[in-house]
Amino acid sequence: MSSRYPLPALPQATPRALADEILKALTLEFGKDPAAAQERDWLQATILAIRNRVVHRWLDSMRESRAAKEKRVYYLSAEFLIGRLLRDAVSNLGLLTAVREALDLLGQEKDLLAQLEPDAALGNGGLGRLAACFMESMASLGIPAFGYGIRYQFGLFRQKIEAGMQVEEPEDWLARGNPWELVRNERTYQIGFGGGVETTEKPDGTIVHTWLPAETLLATAHDTPVCGWRGRRVNTLRLWHAHAVEPLKLGVFNGGDHMGAQHDSIRANSINQVLYPSDSNPAGHELRLRQEYFFTSASLQDILRRHTAEYGTVRNLAEKAAIQLNDTHPAIAVAELMRLLVDVHCIEWDEAWEITRATVGYTNHTLLPEALESWPVDLFEGLLPRHMQIIYQINASIIADAHEQALTDFGFLESISIIDERNGKRVRMGQLAFCGAHSVNGVSALHSDLMKQTVFRDLNTLYPGRINNKTNGVTPRRWLQQVNPGLTGLIRDAIGEGFLDDAEKLKDMDRFASDAAFREKFAGVKRANKVRLAQLIHERTGLTVDASALFDVQIKRIHEYKRQLLAILETIALYDAIRAHPDGNWVPRVKLFAGKAAASYWEAKTIIRLINDVGAVVNADKSIKGLLKVVFMPNYNVSLAEAIVPAADISEQISTAGMEASGTGNMKLALNGALTVGTLDGANVEILEHAGKDNVFIFGLTAEEVAEKRSGGYDPREVIERSPHLQRAFEAMRSGQFSPGETGRYHGLIDKLIHFDYFMVMADFAAYSQALNTADKVWQKPAEWTAKSIHNTARLGWFSADRTIREYARDIWNVPAG
């Protein structure tokens, strides 16, 4: 095929050639006169010029895979938090300098244009950012891969802060189109919902089930190329867009019911609207299930179409395809793959089950019950009647497996069952994913161990050896080279360029921690990054902060278990102490928070308001002489993280032990030289092992101690009675010091801490405060602080996503990785 239709040759990527390509895109693709073009027009033209070069390598990559009959990885995820793509593509193609010079020739500034590119609103937090890092790493390692998800129009939401409160607005990132994507109208699949199942018997006695959906809509592919390091390979992020089979019922429209004529389009388009629609109402609950089935079914139909086109059979699917489920959102894939194999491709049940299990892998990202999704059987059966039949049949085989091993205790069988009979009949998606996969992996050593002890304890007994660990990683291309070019240049000058291709070679820099001249240069890079962040803080919030202060950073989704509440309570106590002793030996500190709370999560939204209310009081108090500033940066996304990560001094990773699966922000921050203040939770345990105990500040209860306290009559009031700092902090909150005119604003939060404290905020308060005090003492010794910072950067190369993907490739997918 490639010899019959050779790709057109590309000119060498000189600045002049690139400038010509940008001009051509501007004029011929967008119809803009260069003399009248606006900055966004130049951005679109630049992206298109670079995309054309990426597409060239993209087509080459696909041809190479087909010719070599390579096994492909299919990564199904509800989120892909890819951020801005221009700098990523230009950097991975090695064209940073050439593009900058090309834009100079055209009178444009590359960095200014890049800032105009919107963040793709395709994710929320660590789950989506991990998926994006993995896609880039798979391309960098030469692994043929497709990412599959939904093309959300408005993402989660755009966060605004009004009167200290989070306000959600649509994040219309597609308002000006997306020049990176290519619409594949020929890749459109039918997706059914509802209806019933017709059962017939063939002459040979075979029972045939035919699903007759009451509702059908269409899924059309929108493809974005994902370019690997040095352009080694370009993979595909395929996102599905839902639309109606009949977008306008013309007869109804002409009859005067203009809205009714568009009912099917509106209903189909609701799938595309937002990530994680609120499930606090029945309609939102149903929409989430519709979204998950929609993208999973479209993806599996696409996988089987491609596979049968190349091999003519589905029987060898596991030999040529590895399907990885990124958490439980695509867990319906187990039942859908069985439906397609049995009902559409006429494979016998037992063989189909073998194929499914051999093909599917499942990554679990949480031990939180609310994140291990379950659906009411009535809802599930109403939307997906054939899948409900299949799940009952799978469940029967799981129970039979247990009986074969004499595991017949009722409590054990209840635990492993896909159907939860205890809280109203519900379909447990975590159990379905576990049973339908040959591999079930956690994302940190602690998390994987806890999976065996808690949520999947009995399934691990039934299927020993299925659980394995693959500690998360981050792509060093974006999270070191691109976000911190000053540090990257300094490292290159010190140890050469080997670390650019192998992040673990950063360890060669470790010896420079004792080099005074290198420490000064390292500290200089950090200062420059902090100056830039201080400017951004002023632009976004109007607040002026001192770049020489300690930047103490907690940036992540707002959730009670992540314990932003612990951080702001300690901040209140610190503020009280500074006011009482303003001439003390205080470390000037900027407490920086960023993150979104789920729209219906009252506690998390109240914590955001408390942070902003505390900040309003603290930042206006001239008596503390600027020693403490509290900043909440709104609308946290990838681009904001890219500004904060290289400027952070302290990385707060203070979740309740045993509740954070891994975290990846902890890795990004430490890789850029921030010192971790954290609990022994998630990947913090492994950061401690790699960075060294002298280069992190670990505090608080262990996961085992948390479990003991929860089961042993822990009373948070006893902790408060022993802590004058906590008492004064609570009094300040109760009295309305931070909420004048509404003294009861935070009484609900306080009462929950006093009488419940499930997340051990009170229990860990003193240890957390002491850890920060210890960090302050080190901060006052700049040479020692900088040496620890250097050790973190040098020793964190192991947390590269490349290492993680190599482990997946070797242990789960059985594909080669460069």
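In the predicted model described here, F456 is buried, its relative accessible area being 1%, where buried denotes a value under 20%, exposed one over 50% and partly exposed anything in between, for a 1.4 Å probe and protein chains only. Because the model is predicted, local features require a pLDDT of at least 70 and side-chain atom pairs count only at pLDDT 80 or more, whereas totals for chains, interfaces and linings use all residues. Residues are numbered from 1 along each chain as its sequence is written, and side-chain values use heavy atoms, with hydrogens and water left out.

A search of the whole structure for aromatic pairs returns 20; such a pair consists of rings of Phe, Tyr or Trp (the six-membered ring of the latter) with centres within 6.5 Å, and is stacked for planes under 30 degrees apart, edge-to-face over 60 and tilted for the rest. The rings of F434 and F456 form a tilted pair, because their planes meet at 50 degrees, with 5.1 Å between the centres. As F434 belongs to helix α16 (residues 429-435) and F456 to the loop between α17 (445-453) and α18 (457-462), the pair ties together parts that are 22 residues apart in sequence; helices are DSSP runs of H or I with at least four residues, strands are runs of E with at least two, and both are numbered from the N terminus. F434 is buried, at 0% relative accessibility. A tilted pair is also formed by F512 and F518, with 5.0 Å from centre to centre and 40 degrees between the planes; F512 is buried at a relative accessible area of 15%, and F518 is buried at 6%.

The structure holds 0 disulfides, a disulfide being a pair of cysteine sulfur atoms within 2.5 Å. For C133, the nearest cysteine sulfur is that of C227, 15 Å away. C133 is buried at a relative accessible area of 1%, and C435 is buried at 0%.

The whole structure contains 6 cavities of 30 Å³ or more, a cavity being a set of points on a 1 Å grid over the protein atoms alone where a 1.4 Å probe fits but cannot get out. The largest cavity holds about 230 Å³, a volume being the space filled by probe spheres set on the points, which are joined across faces, edges and corners. It is lined by 19 residues, of which L85, D88, P225, V226 and C227 are the closest to its centre, lining residues having an atom within 4 Å of a point. Two or more lining residues come from each of α3 (86-92), α6 (126-140), β8 (215-227) and α19 (476-482).

S65, in helix α2 (residues 39-68), is buried at 2% relative accessibility. Beyond its neighbours within four places in sequence, S65 is in contact (heavy atoms within 4.5 Å) with E70, R72, P144 and R233.

Most residues other than glycine have a negative phi. K69, in the loop between α2 and β1 (72-76), has a positive phi near 50 degrees and is partly exposed at 41% relative accessibility. C346, in the loop between α11 (333-344) and α12 (349-359), has a positive phi of about 60 degrees and is exposed, with a relative accessible area of 54%.

Note on methods:
1 Å grid on protein atoms, 1.4 Å probe; cavity = no way out; pocket = protein on both sides within 12 Å on 5 of 7 lines; lining within 4 Å.
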